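User: I am new to this structure. Please pick a single part, take a close look at it, and then show me how the surroundings are built.

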Amino acid sequence: MGGGMEVGAAILLCLLGGLCAADTRAAGGRGFHFPLVAGVLAGWIARDPAAGLVCGAWFQLVWILPMPVGGTILPDASTAAIAAVIMRATLAPVTGEALALPLALALGTALAAASVPAERVARRWNARKEASIAAGRPVPASAVCVGLAGPFLRGLLSVALAIAAGGALRETGPLAGPWVHLRAPVIPALLAGAAAVAATQLLVRARLEAGRAMWAWFLAAALAGAASRLVWSTLRP
Amino acid sequence: MKARPHILLLRGLFLESGFHPAGKQRVGFFWALREPWPGRDAPVVNANPTLAGYALGWADRAGARVVPGFHASLFPVLGALGDRIVYAMLRPIAVLAGLLGGAFLGNAAALVLLLVYNPAELYLRLRSIRAGQAGDAAVASDLSRGGLPRSGRVLVRVLALLAGLAAGIWGMGEVLDGRGLGLLVAAACVLPLHAVLRRRTGSVWLLLALGTGVGLAVLVTHWLSATGPTGGDKP
């Protein structure tokens, strides 16, 4: 399973996918749906904590201002981050870092895209369930459980699919080749791209919220941040 | 007042579990209230889930019959204010705190994010439930300029501070690691990205395409600069 991934880790990752997908909306949003959290947890389970942080940070930066207003269905970035961690851990030994990480992020993005129609189906199912609730009686807990089960199963199956896809790609080896010798600064480049998108989203939002005083706060903090980073690098052994 | 605030808080967490396009959050809402289901006459319930506590507390105090009136007067306000405070401020603040934590503490980034987000979000939920249970005056006072909107102004400042810190720390890190040219390319990309995203912020696929494009531009810059291809790793 998963081209060398232990069965226990695979099961834990599937359960994590279900938990994060349910937490996105249905289970109250306690923070496990943030891609950064989901990615780090997946990295721990997959014994690849560095990849967990990078994948989580990338999806988190791109989705820094999600606005699920008025019932809008947004792609599920938390399961995307988990899937990316799995793909990266599975493929890196075969393809090398330069190809594994972009491929992993691409697969995660595809899974996030697939989550939108899946969520639409779950909501339609919720509407059917509502029709069966008897008038004059309190809403049964089963109606809430059904609403939780849909996203949970979607997240669980998405992660299982990522494990199977990673295993298949690794076993059949279509990606093996000269890639493993390629050394490219792919992680800083990917994070720089995501950071530029995050900065742009915050900038667009700042046009609505912030006045000139806010820019002064921002610039002062930026200078303080740069100075602290300089001091940190000087003091660090 | 029938239910204790923390019971309403716990049941209110599942407000969106039965979400569907026609009735929105009404299944979770009536489940949290433990009120009889009104059948076909069930009103549409649609608010930001964090601030829906005002409606939950109010309906808990006066009975579910007040929900249609609440819908006409206050649900739109709760939606607009809650989306602004929770989605546009609290969440990015937690994310930036997490990323800053990650820069210094590695994987503790996740813990930092959870520790910033959860207490603040749960406080907002509990505060809104208590105000709702206290009645009209408390709700009106909380939603007036001196209440939550004032907290919003504080949160904007915190967001500006954290965004500045993150930009400064990350930017200086890139310069120290010899990737200053890539940093310049990424920074230069923000202007054209802004021109595109100003009107299309909702398109996440556009965001992904733009992120990939900027990443590729930075990667090419890296390759062209001194840190470019080394000619391959020996197996």
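Predicted model: local features only at pLDDT ≥ 70, side-chain atom pairs only at ≥ 80, totals over all residues.

Analyst: Read along its sequence, chain B runs α-α-α-α-α-α-α-α-α-α. Residues are numbered from 1 along each chain as its sequence is written, while chains are lettered from A and ligands numbered from 1 in the order of writing.

The part to look at is helix α3 of chain B, residues 53–62. α3(B) is largely enclosed by the rest of the structure, because 8 of its 10 residues are buried. Buried here means under 20% relative accessible area; exposed means over 50%, and partly exposed lies in between (1.4 Å probe, protein chains only). The buried set starts with Gly53(B), Tyr54(B), Ala55(B) and Leu56(B), and it goes on with Gly57(B), Trp58(B), Ala59(B) and Asp60(B). After the helix comes Gly63(B), with a positive phi near 95°.

Now zoom in on Tyr54(B). This residue sits in α3(B). What surrounds Tyr54(B)? Leaving out residues up to four places away in sequence, its contacts (heavy atoms within 4.5 Å) include Phe70(B), Leu78(B), Arg127(B), Ser128(B) and Ile129(B). Ala131(B), Gly132(B), Val139(B), Asp142(B), Leu143(B) and Leu148(B) are also among them. Another pair to find is Tyr54(B) and Phe75(B). They are 21 residues apart along the chain, and their C-alpha atoms are 9.2 Å apart.

Chain B has 235 residues, and 57% of them count as buried. Take its contacts between residues at least 6 apart in sequence: 62% join residues at least 24 apart. The accessible surface of chain B is about 10,200 Å² (Shrake-Rupley, 1.4 Å probe; for residues, only the protein chains shown count as cover). Carbon and sulfur atoms hold 64% of that surface. Elsewhere in the chain, Lys24(B) lies in the loop between α1 (5–12) and α2 (26–33). Its phi is positive, about 55°, although it is not a glycine. Lys24(B) has a relative accessible area of 17%, so it counts as buried.

Next, chain A. It has 8 helices and 0 strands. Of its 237 residues, 53% are buried. Its C-alpha atoms fill a box of roughly 70 × 55 × 30 Å along the principal axes. Among contacts between residues at least 6 apart, 76% join residues at least 24 apart.

α4(A) is mostly covered, with 16 of its 19 residues buried. Gly96(A) comes next, with a positive phi near 85°.

Where do the two chains meet? Gln60(A) lies in helix α3 of chain A, and its relative accessible area of 1% makes it buried. Beyond its sequence neighbours up to four places away, Gln60(A) touches Phe34(A), Pro35(A) and Leu36(A), along with Val95(B) and Leu113(B). Arg25(A) lies in the loop between α1 (7–24) and α2 (35–45) of chain A. Arg25(A) is buried too, at 17%. Beyond four places in sequence, its contacts include Pro68(A) and Arg123(A), plus Glu16(B) and Phe19(B). Its side chain also reaches the backbone oxygen of Thr72(A) at 3.4 Å.

Key
Heavy atoms only, no water. Helix = DSSP H or I, 4+ residues; strand = E, 2+ residues; numbered from the N terminus. Polar contact = N/O pair within 3.5 Å; in protein donor to acceptor, adjacent residues only side chain to side chain.
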